[in-house]
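What holds on to it, and what lines the space around it?

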Amino acid sequence: MSDEPSIFTRILHGELPGEIIAETEHVFALRDIAPKAPVHLLIIPKTPDYRDVTELAAADPALMADMIALAGRLAHEHADGEFRLVFNTGASAGQTVFHVHAHVLAGELSEKSLGG
Ligand code: AMP
């Protein structure tokens with residue numbers, strides 16, 4: 001695992017541009033730069049300790065619950081409250097940033113917007 005801060009950590013610390021649309025004590029949300037749905041948000045724990053959802057769920061289920069709560073709140077604020085939650089897990093599944101994050105896809109979804 002790289003010691004370099006992830007792109008998400010650098011956005012959180014203001015070192016890279018990014019549209020942070022919500023923040024709680026432990027979690028923040030970004031608008032995805034390459035949206036695959038009318039609403040495409042990323043929900044990210046502030047800690048960089050977990051590279052994917054399996055590590056997160058095993059170590060800190062309460063933090064995962066915080067992420068899902070924020071996903072639900074933002075789906076109400078940015079769409080009709082209904083949403084798809086995607087955790088790409090591993091490079092062959094499409095994960096490119098190894099700082100765990102959930103994709104929130106909402107709006108009129110097609111089956112093509114399965115991934116993030
Ligand atoms: P994944 O491929 O599941 O690891 O998701 C990484 C996501 O981060 C992709 O959907 C990218 O479009 C998104 N992304 C990369 N750079 C940025 C950025 N600077 N601001 C917002 N989203 C980004």
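A quick word on terms before we start: a polar contact here is a pair of N or O atoms within 3.5 Å. Keep in mind, too, that this is a predicted model.

| Residue | Part of the residue | Ligand atom | Distance |
|---|---|---|---|
| Ile33 | backbone N or O atom | nitrogen | 3.2 Å |
| Val97 | polar backbone atom | oxygen | 2.9 Å |
| His103 | N or O atom in the side chain | oxygen | 2.8 Å |

So how much of the ligand does the protein bury? On its own the ligand exposes 500 Å², and the protein buries 87% of that.

Now for the neighbours. The shell around the ligand counts 16 residues, with Asp32, Asn88, Gly94, Thr96 and His103 the closest. Sorted by class, that shell holds seven nonpolar, seven polar and two charged residues. Helix α1, which spans residues 7–12, supplies three residues of the shell, the largest share.

Where does the ligand sit? You'll find the ligand in the largest pocket, which holds about 400 Å³ of space. Lining that pocket are 21 residues, and the ones nearest its centre are Phe8, Asp32, Ile33, Leu42 and Val97. Two or more lining residues come from each of α1 and β2 (27–31), and α1 gives the most, with three.

Key:
Residues numbered from 1 in each chain as written. Predicted model: local features only at pLDDT ≥ 70, side-chain atom pairs only at ≥ 80, totals over all residues. Heavy atoms only, no water. Near = heavy atom within 4 Å. Polar contact = N/O pair within 3.5 Å; in protein donor to acceptor, adjacent residues only side chain to side chain. Areas by Shrake-Rupley, 256 points an atom, 1.4 Å probe, with all protein chains shown as cover. 1 Å grid on protein atoms, 1.4 Å probe; cavity = no way out; pocket = protein on both sides within 12 Å on 5 of 7 lines; lining within 4 Å. Sits in = over half its atoms within 2 Å of the grid points. Helix = DSSP H or I, 4+ residues; strand = E, 2+ residues; numbered from the N terminus. Nonpolar A, V, L, I, M, F, W, Y, C, P; charged D, E, K, R; others polar. Points joined across faces, edges and corners; volume = space filled by probe spheres on them.
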